Structures are given as structure tokens and as C-alpha cells.
Amino acid sequence: MSHGPRSGLYAVSSALLAMSRHLEVRDVLKTIVASARELLDARYAALGVPDDHGGFAQFVVDGVSDAQWKAIGPLPRQHGILAAMLHEARPERLADVRKDPRFEGWPTAHPDMSDFLGLPIRDGDEVIGALFLANKRRPPGGCPPDGECGFTEEDQELLTILAQHAAIALTNARLYERSRELTIAEERSRLAHELHDAVSQKLFSLRLTAQAAAALVDRDPSRAKGELQQVAALAAEAADELRAAVVELRPAALDEDGLVATLRTQVQVLDRAHSARVVFAGRGFKALPAAQEEALLRVAQEALHNALRHSGAARVDVTLARRGAGAVLRVTDDGSGFEPRSIRSAGRHLGLVSMRDRASGVGGTLTVESAPGKGTVIEMEVPGG
């Protein structure tokens, strides 16, 4: 190994501290992969979290550019050496992965890999991930006399330590997210009761005021006019309450209704609640892994929020269509748009950073097209399972 004992211990300590700083699962995954690649001086590193459908719910890479990752295409399936690590829960250290009988090739844009080291990440008896590295960097003085330039037994021992702590960090992050989800669910329930009461009161007042206006139309037109103005004010307040319900509660009925039905319902509610026309179309969509469907829903919600709150659009179109084994979501508005060159400063305000994180977190991509006065198109593509 290229590190001496002191620098090796320091590197391991730094990696473990870095993992413990994060509570979001996605951040923990990124930190594990980056730490493993740096610790073992590898050119490439990746970590996959398996789903229940033979694919990966999440897949994070380090050492591959965004453009190259997009060109590679769909996420890998659980086959070959990946399947061996996940299903047999054993480490794999190979001098040349291409010569292994289980090797099944890779896409055209995939980087060429030779030496390989992979380990399952286990929480008790459950395999919760697979961590693997490829192409150990050659030492400055060249390979040792025995010609071994790949990963060593010492490297495997180090990665085993890292994988054990990665399991702890990943489990803690998952527990944190579940705890947060429970808190959010409780808050949603509280908000639902409050909003129901508030909207019910507004609608009750609206009905009484409308009845009063109707009774006054013939005998006191001026008072009827005042009552009608009150009707308009109450209607506006009720609409605001409904918008708040849509934005704050963000109901997710994915498990029961599926993504298409959930999106269609939310679009219909928004269409009624806003002056803008909001339209949904779903074509040829097939079910995707749960993580991808949730990411598509969240990005659609964020894009709709931007279009309806910030763009001044008169029409917003949401389309969900099949593309290969995956799907593509498009949210198009005819609003004010913005200058793409200023996207970095506008990105956080418009939620573009979180949308990109959600897309990349499930192996997808997000593109934004906009121009002042020309509206905005947000497109998210996911590879499928």
C-alpha cells in the first residue's frame, strides 16, 4: 500500500470522521465512496444500494464525470460480480475483472477497468450495499518486483474496516430520515386538521355572505354589492388556504395509486386552485423502482411550485412518458423565464439544486431550458430498474 502506518491510520480516521458528519443518506453515500477511493488510491469507486427488483435504489460513483456518467446509460443490474457480492456477501479482489468468468461486459461509454476490489456492506445479516473500487493508481517508482500493482490484502483489510463503519453511518442516516419522515407525517396530520378547519370556516362564511347578497339584490343593490365584494375576498382567502394545503402537505399516494394517478390528482388540484391552466399527460409509462418514482414526484412538485409561484405563467404542462427502460418527466411553462447564465445564483432560490440532487440520487439527469420571456422547461430522465 502507498501509505505508511501513520498516514494510513490518519486517512482511516479522517474517512470515518467525514462519514459521521452527515445525516442525509445521499450525503453519507457520497462521503463513503469518496473516502474509499482516496483511502485506497483508486481511480474509480462506486456504491450501490440494492432494491427488491434486481436493480439499485441508489447508485453513487466517484471518479467519473457527469457527462461520462450520463453517456454510460441505465444503472447496472444485480448480475455478475455485483450479484456475487450482494447475494453471497463475500469480498471480491481480482487482478483483472475482465478475465473473470462472471464478467459480462459494460456499456460503450463505461471506463475501462482492470484490477478490482469489492465488498458488501452489511447490517447484521442484511446486505445493505456494495462498495467497490477499480484501477489502483500505480506508485511513482513503478510496480514492485513481484509485478503486483493491483489491490493488496492490506487494501482489502482497510476497506473492510471502512465498510463496517459505512454500515453504521448508513444505518444511522436511514434511522434519522425515518424519524424525520415520522415527524413530517405528524406535522402533516396537524396541518391537515388546521387547514380543514380554516377552509371549512371560510367556505361557511362564503356561503352565508353569498346568500345575503342574493337576498339584497332587488331591494338594496348597494348593500348587495358590498356583500359580493366580501364574497370575492373570502373566496381569495379560501384559495390561499387550498394552495397552502397543496404546498405544505404534498400528499404522496405512490404505494396505493402509483405515480401517474398521484401526479394527475395533484395537477387537477393545482389547476383548480390557481388561475393558471395546469395540464397533465401520461403516455406509455410503466412502473419504476420506488426511489425513482418518488424522485420524479418530488421534482414535479418543485417545478410546479416554481412555475405557479414565481413565473407568472398562464399555462403549465406536465408530461410523463416512457423512454427506453426508464421515463422522462417534463414540466413546461409559458412564464417569465430567466437567463440560464444566471442559473447558479438563481438555482438555490428556485430549488434547482435540490432537484438536481434528487435526479442524480437515483441515477437520473436534470436539464433546464429557459430564456427571459420565453418560459421554462424542466426535464428529468431516469434510467428505470
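Predicted model: local features only at pLDDT ≥ 70, side-chain atom pairs only at ≥ 80, totals over all residues.
**View 1. An open, five-stranded sheet with mixed pairing.** Reading across, the strands come in the order β6-β7-β8-β10-β9. The edges belong to β6 (277-283) and β9 (365-370); each has a single partner strand, so one side of each is left without a neighbour in the sheet. On average, neighbouring strands here are turned by 10° against each other, ignoring direction. Inside the sheet, β8 (residues 326-333) and β10 (residues 376-382) run antiparallel, and seven bridges join them. One spot to look for on this pair is D333, which stands opposite T376 of β10.

**View 2. Two helices against that sheet.** Helix α8 (residues 290-309) packs on the sheet and touches β6, β7 (315-323), β8, β9 and β10. The direction of α8 makes about 5° with that of β8. Helix α10 (residues 352-361), for its part, lies across β9 and β10 and runs at about 145° to β9.

**View 3. Zooming in on T376 in strand β10.** T376 is buried, at a relative accessible area of 8%. Its side chain makes a polar contact of 2.9 Å with the side chain of S370. Setting aside neighbours within four places in sequence, T376 is in contact with V331, T332 and D333, with G337 and F338, and with V368, E369 and S370. D333 in that list is also the residue standing opposite T376.

**View 4. Strand β1 with a partner on each pairing.** β1 (residues 42-50) is mostly covered, with seven of its nine residues buried. Six bridges join β1 to β5 (residues 126-136), the two running antiparallel; L47 has L131 as its bridge partner in β5. β1 also runs antiparallel to β2 (residues 56-62), again through six bridges, and here V49 has Q58 as its bridge partner. β1 and β2 make a hairpin with five residues between them. Check the turn for G54, which has a positive phi of about 85°.

**View 5. A salt bridge between D62 and R37.** The model has 14 salt bridges in total, and this is one of them, with N to O at 2.6 Å. The pair ties together distant parts of the chain: D62 sits in strand β2 and R37 in helix α2 (residues 25-39), 25 residues apart. D62 is partly exposed, with a relative accessible area of 22%.

**View 6. A salt-bridge network around E92.** E88, R90, E92, D100 and R102 are linked in a network of salt bridges. Side chains of opposite charge can pair when their charged atoms come close. R90 forms a salt bridge with E92, the closest N and O atoms lying 2.9 Å apart. The side chains of R102 and E92 meet in a salt bridge too, at 2.9 Å from N to O.

Note on methods: Residues numbered from 1 in each chain as written. Heavy atoms only, no water. Pairing = 2+ DSSP bridges. Helix = DSSP H or I, 4+ residues; strand = E, 2+ residues; numbered from the N terminus. Axes fitted to C-alpha atoms, helices over the stretch in contact; angles between N-to-C directions. Contact = heavy atoms within 4.5 Å. Buried < 20%, exposed > 50% of the residue type's maximum accessible area, 1.4 Å probe, protein only. Polar contact = N/O pair within 3.5 Å; in protein donor to acceptor, adjacent residues only side chain to side chain. Salt bridge = Lys/Arg side-chain N within 4 Å of Asp/Glu carboxyl O.
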